[in-house]
Amino acid sequence: MDNSNCCPKQRTMVQAKTWVLTKHFDGFPKNSNFELRLEQLPEPKDGEVLLEAVFLSVDPYMRPFSRVRMKEGDIMIGTQVAKVIQSNNAAFPVGSHVVGRCGWRTHTVCDGTGLTPIMPDWPQDVPLTLALGAVGMPGLTALYGIEEVLGLQAGETLLVNAAAGAVGSVVGQLAKLKGCKVVGSAGSDAKVAFLKELGFDEAFNYKSVGSLEEALKKASPQGYDCYFENVSGPFSSVALPQMKDFGRIAVCGAISLYNDTMPQTGPYPHLTMIFKQLKMEGFMQSRWEHKHPESLKRLMAWVKEGKLICREHVTEGFENMPAAFMGMLQGENIGKAIVKV
Ligand SMILES: NC(=O)c1ccc[n+]([C@@H]2O[C@H](COP(=O)([O-])OP(=O)(O)OC[C@H]3O[C@@H](n4cnc5c(N)ncnc54)[C@H](OP(=O)(O)O)[C@@H]3O)[C@@H](O)[C@H]2O)c1
């Protein structure tokens, strides 16, 4: 029997581009750690959706998490803003946008697990990229570090490093909103100028100050009540002795250690911590997941009121994901590092 005129249901064969971690990072990431691969996607089944990535995030956590959450041959982990282009799931209508933990891929078929719809009342004049930045995970990190971990109070002095980045730039602005003195350090003069624009009281380029100790003392001769730690390593060893007695430290990140092949050792902070009676707490923003919806609303309100300025460093092209990631780890970004597909 001739079936050539018989039309089965039209299938949209979608090919996803993906970036695979072919070899675990050893030291600083290299192009040879990644491979661009094509993947034929199945038709979405009942309850499933087909997503098209619009913006992808490159974040420092991808470097340490790749070791513990991934094996060689896996698609790089990561979050994206994606558009729903086919849907068999009423929770995610066609044309709507989601934040998804889909990894480094242009298209995804999934059942909704790990997808968060963009706030229904997301304002038209606010770019969706902010869902990966100040009104997304990095903004939440800044907020929880300040409120839940440090319990920052008006009149206190706060130090933040990697201050011109996605988390640090929000930390400084929120601390100013709370009536604090804010000191920020960053890795270029352009970043320092940006911090001044944001209203930081003091900012310096840690790469050119000569003595970090002197720079910290000059910025706040009385010392620091709170320290929002994004960098760790040698910076931390110099900063801890600048804390006031009973100072509090929120350990958010340790980017100066992420690419080490051998663990760095000492100086050990314990005597300083004892003499100054410091309190140090590590945290991950996911601890307060139950607060995310309310917290995102607060962050969005500050954006709308012009109290939270967001800058982004946008790399064009999915094929440039590794370059954007490595560039961010090297400090190329002012504000949130984003890739536009
Ligand atoms: N705990 C959590 O839940 C959580 C969530 C998000 C992020 N984080 C952490 O927060 C930190 C900031 O993340 P982000 O997303 O906002 O990244 P980001 O600050 O936008 O980008 C990374 C920045 O780190 C700085 N950096 C890189 N290598 C450095 C080194 N060896 N020494 C000092 N600074 C270095 C660079 O800025 P400079 O030019 O200033 O050097 C670079 O721009 C990271 O440590 C990250 O792992 C933690």
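How many bridges join strand E8 to strand E11, and do they run parallel or antiparallel? Select residues 157-160 (E8) and 224-229 (E11): three bridges join them, and the two strands run parallel. Strands here (E, at least two residues) and helices (H or I, at least four) are DSSP runs numbered from the N terminus, and two strands pair if DSSP finds at least two bridges between them.

Some ground rules before moving on. Residues are numbered from 1 along each chain as its sequence is written. You're looking at a predicted model, where local features need pLDDT of at least 70, side-chain atom pairs count only at pLDDT 80 or more, and totals for chains, interfaces and linings use all residues.

**The sheet**

Now show the whole sheet: six strands in the order E10-E9-E8-E11-E12-E13, open, with parallel pairing. Strands E10 (202-205) and E13 (279-282) each have a single partner strand, so one side of each is left without a neighbour in the sheet. On average, neighbouring strands are turned by 15° against each other, direction ignored.

Next, select helix H3 (166-177). H3 lies across E8, E9 (181-186) and E11, and runs at about 165° to E9 (axes are lines fitted to C-alpha atoms, for helices over the stretch in contact, with angles from 0 to 180 degrees between N-to-C directions).

**The two domains**

Colour 14-133 plus 311-340 as domain 1 and 137-286 as domain 2; these bounds come from an automatic or database domain assignment. Their centres, taken over C-alpha atoms, are 29 Å apart. Where they meet, 15 residues of domain 1 are in contact with 16 of domain 2, contact meaning C-beta atoms, placed from the backbone, within 7 Å.

**The ligand shell**

Finally, find the residues around the ligand. There are 30, and the closest are Gly165, Val167, Gly187, Gly253 and Gly331; a residue counts as near if its C-beta atom, placed from the backbone, lies within 6 Å. Helices H2 (137-150), H3 and H9 (321-329) are the elements that give two or more residues to this shell.

Notes:
Two residues are in contact if their C-beta atoms, placed from the backbone, lie within 7 Å.
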